[in-house]
Amino acid sequence: MTGARHAAAAVSRQGRGVLSQVTDNAKEKVAAGFRRIVSGDSDGTPPWVDQLAHGTDAGYFGPGSAAWAVHGALPTIVGGVRALLMQALHPGALAGVMQHSRYEQDALGRLAGTTQWLTVVTFGDRAAADRECARVRGMHRKVVGTYDAADGPAPYAASDPDLLRWVHIAFTDSFLATHRVWGGPIPGGEDAYVREWAKAGELVGVVDAPRSVAELQEQIDAYAPVLRGDEAAHRTVDFIRNVPVPLAARPAYSVLFAGAVSTMPADHREVLGLPRLPLAVTKPVVGALLGGLSLALGPASPSQRAAADRVSSLDEGAAASA
């Protein structure tokens, strides 16, 4: 049996075990544990989620947008893992993470920070989104250094538009790729999502963000000469594969990791030394896992519900004053 078939069989076994666990455990316990992991809050609902219910407008996107549809769906948890793997391909972006973050000591804390930015920009009002992006830009200004390029030491800065664009397109492509497999319809189609999320990139300093799927792919292809799978990249991939989630969540995370790998382009996967995992194997297993989580979590996340309440209150206020 080949390595790929061994890996596929392991994913299938892990998926069956996770589904059994979801069935046996109370939905509330599963939901609370999941939200604690992604939010970093002991109660699973940090203060910034509650604040999404307040504000003066619908935000940069609003109900019915492509961004709400994609980021409010569970495939984003697969897309987040894929985005981390994609980012590891760029030595400058990887150096910034390795030299200026505590991702190995506090991986879940870093996840919570990224979750906060993504959620507030997607579902918050414009003022909240602007504040959150200002926080991120402030962090980026401190992230500078050098990394070993093919022709010697090279400088990097997290605020460099070239690095920012790579991180942006890695996220955009990953959320879109995983939603394409495990998500539902996107209002306006995939181009609408890429176009809308370009605004989020611009808010943190991205220049010339792609506005269509075709432009997104062109920009990814343009980075090919820079991307590489060196020792630092492989060490990061190993860490992402074995990220220290709670013991009970490890089988589920292994399934999500496999799903993320299966949606990556073959050339990127090979550079990082990742196995080939056919979508024919991962699609039903990951789909069943996400379906089980959906039953436990409910039809909408607390963030999306809070944002919907804010928009509804604004609409009612506008109608009352008309």
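Visitor: Start with Glu 190: what is its relative accessible area, and how does it count?

Guide: Glu 190 has a relative accessible area of 27%, so it is partly exposed. The scale is simple: buried means under 20%, exposed means over 50%, and partly exposed lies in between (1.4 Å probe, protein chains only).

A word on the source. The model is predicted, so local features need pLDDT of at least 70 and side-chain atom pairs count only at pLDDT 80 or more, while totals for chains, interfaces and linings use all residues. Residues are numbered from 1 along each chain as its sequence is written, and side-chain values use heavy atoms, with hydrogens and water left out.

Now the partner. The side chain of Glu 190 meets that of Arg 180 in a salt bridge, 2.8 Å from N to O. This pair links distant parts of the chain: Arg 180 sits in helix 9, Glu 190 in helix 10 (residues 190-203), and they are 10 residues apart. Arg 180 is partly exposed, at 47% relative accessibility. A salt bridge here is a side-chain nitrogen of Lys or Arg within 4 Å of a carboxyl oxygen of Asp or Glu. Side chains of opposite charge can pair when their charged atoms come close. Helices (H or I, at least four residues) and strands (E, at least two) are DSSP runs, numbered from the N terminus.

Stay with helix 9. Asp 162 and Arg 165 form a salt bridge too, at 3.8 Å from N to O. Both residues lie in helix 9, 3 residues apart, or about one turn of the helix. Asp 162 is partly exposed at 34% relative accessible area, whereas Arg 165 is buried at 16%. The whole structure has 8 salt bridges.

Next, turn to the nonpolar core. Such a core is a set of buried Ala, Val, Leu, Ile, Met, Phe, Trp, Tyr and Cys residues, joined through side-chain atoms within 4.5 Å. The largest one has 89 residues, and those with the most contacts inside it are Leu 85, Trp 117, Trp 197 and Leu 290. Helix 9 (residues 161-182) gives the most to this core, with 10 residues.

Look at Trp 117. Leaving aside neighbours within four places in sequence, Trp 117 is in contact with residues including Glu 132, Arg 135, Trp 197 and Val 204. Contact means heavy atoms within 4.5 Å.
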